[in-house]
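Here are my notes for you to read with the model open beside them. Take the points one at a time and find each residue as you go.

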Amino acid sequence: MSNTHDPDGVRLQKVLARAGVASRRAAEDLIAQGRVQVDGETVREQGRRIDPDTAVVHVDGARVTLRDDQVYLALNKPFGLHSTMSDDMGRPCIGDLLADRVEIMNTAQRLFHVGRLDAETEGLLLLTNDGELGHRLMHPSYEVPKTYLAEIEGKIARDLGRRLRDGIELEDGIARVDAFKLVDAVPGRATVQLVLHEGRKHIVRRMLSEVGHPVLRLVRTHVGSVALGNQRPGKLRPLDRVEVGSLYKAVGL
C-alpha cells in the first residue's frame, strides 16, 4: 500500500461512515468506484487505514470533515449586534449569543467569526474554529463571493448595474460588484441584490451611497454557496457536510 496507509489508523470506510458521508457498505462502494481520495491519491482498496486527525479526504472532489472537534456554524446576525466575541463597552455582540450555548463553547474554545458585518448589517455570518479555512475565506485572493440584499433610496437608473460592475471610485480605490440584480422597486425605493468578493469596510454601503442610493437596510444572504435561507435572526445552526465541503472547495482545500 502507499504511504497514505496508516497500519494503526481507522479503516477508511468506517471513517467515511462516521463523518456522515454514507453507510459503511455504501462507503465501500464509493471507494471501489474510485470516488474517494486520501491526501490527493485515489483509493480503491478496502483495507486502507488512515489517521482521521491528519488525513485529508475528498469524496467526489469535495473535502470531508473528519475531526470531531471542528465546528462550523451559520449565524443570522440581527441588526444592532456587533461582530465581536466580547465588547469592552458592553454593547451586544456575538459572544452574548454563544454564552448560552455551552455545548458549542465546550467543543470550540477557539471559535471565531469569519470576517464581520457592521452592527447595522444583518444576515449570514460564519463561525468556526478551523483556522485555515477561516483565513482563506477572508483572504481576497480566493475571491469567495458574498451576496447581499440591499433596500435603497431613490429611483434606479437603467445603467446602475453596469456602473457597479465597471467600478466605483472610492477614497480607498475602485470597488466593483461581480453581479447586480434589481429585485423589486416602488416609488422612492428599491431592493437590489449584489454579489461581490471584496471585504473592505462598509464596501456595499459606500458603493451605493456613491452612486446616489443610501442604504436603508442591508442583509447578507450567502457566503459562497452557503445560504441564509429562512434561518431566524439570532439563531445558530451547524453547517452540513455538503456546505462545509463547498467552502473547502471554494478556497482550494
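The points below go through a helix, a histidine, a sheet and a pocket.

1. Some ground rules to begin with. This is a predicted model, where local features need pLDDT of at least 70 and side-chain atom pairs count only at pLDDT 80 or more, while totals for chains, interfaces and linings use all residues. Residues are numbered from 1 along each chain as its sequence is written, and side-chain values use heavy atoms, with hydrogens and water left out.

2. Start with helix H7, residues 203–210, which is mostly covered: 6 of its 8 residues are buried. (Buried means under 20% relative accessible area, with a 1.4 Å probe and protein chains only; helices, H or I, are DSSP runs of at least four residues and strands, E, of at least two, numbered from the N terminus.) The buried ones are Ile203, Val204, Arg205, Arg206, Met207 and Leu208. Their cover includes helix H6 (160–166) and strands such as E10 (146–153), E14 (189–196) and E15 (215–223).

3. Now look just past the helix. H7 is followed by Gly212, which has a positive phi, near 90°. His213 then sits in the loop between H7 and E15.

4. Is His213 buried or exposed? His213 is buried, at a relative accessible area of 5%. Leaving out residues up to four places away in sequence, His213 touches several residues, among them Ile152, Lys155, Leu160 and Leu208 (a contact is heavy atoms within 4.5 Å). A polar atom of the His213 side chain also lies 2.7 Å from the backbone oxygen of Glu153.

5. Next, an open sheet of 4 strands, in the order E3-E2-E5-E6, with antiparallel pairing. Strands E3 (41–42) and E6 (62–63) stand at the edges with a single partner strand each, so one side of each has no neighbour in the sheet. Strand E5 (residues 57–59) runs antiparallel to E6 and is joined to E6 by 2 bridges (strands pair if DSSP finds at least two bridges between them). His58 has Arg63 in E6 as its bridge partner.

6. Last, the largest pocket. A pocket here is an open set of points on a 1 Å grid over the protein atoms alone, where a 1.4 Å probe fits, with protein on both sides within 12 Å along at least five of seven lines; lining residues have an atom within 4 Å of a point. The space in the largest pocket is about 650 Å³. Of its 33 lining residues, Gly115, Arg116, Leu117, Gly199 and Arg200 are the closest to the centre. H7 is one of the elements that give two or more residues to this lining.

Methods
Buried < 20%, exposed > 50% of the residue type's maximum accessible area, 1.4 Å probe, protein only. Polar contact = N/O pair within 3.5 Å; in protein donor to acceptor, adjacent residues only side chain to side chain. Points joined across faces, edges and corners; volume = space filled by probe spheres on them.
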